[in-house]
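Student: I have a model open and want to learn how to read its features. Where do we begin?

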Amino acid sequence: MIFGKKIKELREEHGMVQRKLAAALDIDTPMYSKIERGERKAKRCHIPIMARLLEIEEKELLTIWLADKVLDIVEGEDEVKLDAVICAQKEIEAGVG
């Protein structure tokens, strides 16, 4: 739920109400509120809009969004989650070069 926490923090720093972001994302305010609380996930296409409005680098916000997805996937796998993340990191690094 790091993504929801971050966008709430940024929104409050900017003195912005939820309905402004919701309108920009073309969703209703209750749906946006659920994203901040971690009950719903923002769509990938929402990231550039949020980044612009919240004055954060798009890459940074996208990184947090993706990290949140990874944490959701490994939740409950306490014995192997760190190993799984390390394994995925190695594969990503091998594919980058």
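Tutor: With the helix labels. Helices are DSSP runs of at least four residues, numbered from the N terminus. Keep in mind that this is a predicted model.

Student: Where does aspartate 26 sit in that scheme?

Tutor: Aspartate 26 lies in the loop between helix H2 (18–25) and helix H3 (29–37).

Student: Is aspartate 26 buried or exposed?

Tutor: Exposed means over 50% relative accessible area. Aspartate 26 has 71% relative accessibility, so it counts as exposed.

Student: What is phi at glutamate 55, and where is that residue placed?

Tutor: Phi of glutamate 55 is positive, near 55°. Glutamate 55 is in the loop between helix H4 (46–54) and helix H5 (58–74). Its relative accessibility is 63%, so glutamate 55 counts as exposed.

Student: Now a helix. How many residues does H6 have, and what does it span?

Tutor: Helix H6 covers residues 81–96, which is 16 residues. From first C-alpha to last, H6 reaches 22 Å, close to the 22 Å expected at 1.5 Å a residue.

Student: How many of the residues in H6 are buried?

Tutor: Zero of its 16 residues, so H6 is hardly covered, given that buried means under 20% relative accessible area.

Student: On to charged pairs. How many salt bridges are there?

Tutor: The test is a side-chain nitrogen of Lys or Arg within 4 Å of a carboxyl oxygen of Asp or Glu. The count comes to six salt bridges.

Student: Which residue pairs with lysine 6?

Tutor: Glutamate 9, with the closest N and O atoms 3.5 Å apart. The two are three residues apart in helix H1 (residues 2–13), so about one helical turn separates lysine 6 and glutamate 9. Glutamate 9 is partly exposed, at 35% relative accessibility.

Student: What about a pair that links distant parts of the chain?

Tutor: Take aspartate 68 and lysine 41, which meet in a salt bridge at 3.9 Å, N to O. Aspartate 68 is in helix H5 and lysine 41 in the loop between H3 and H4, 27 residues apart. Aspartate 68 is buried at 6% relative accessibility, while lysine 41 is partly exposed at 42%.

Student: Which other aspartate meets lysine 41?

Tutor: Aspartate 72, at 2.5 Å, N to O. This pair is 31 residues apart, with aspartate 72 also in helix H5. Shared partners join Lys41, Asp68 and Asp72 into one network of salt bridges.

Conventions:
Residues numbered from 1 in each chain as written. Predicted model: local features only at pLDDT ≥ 70, side-chain atom pairs only at ≥ 80, totals over all residues. Heavy atoms only, no water. Buried < 20%, exposed > 50% of the residue type's maximum accessible area, 1.4 Å probe, protein only. Expected span 1.5 Å × (residues − 1).
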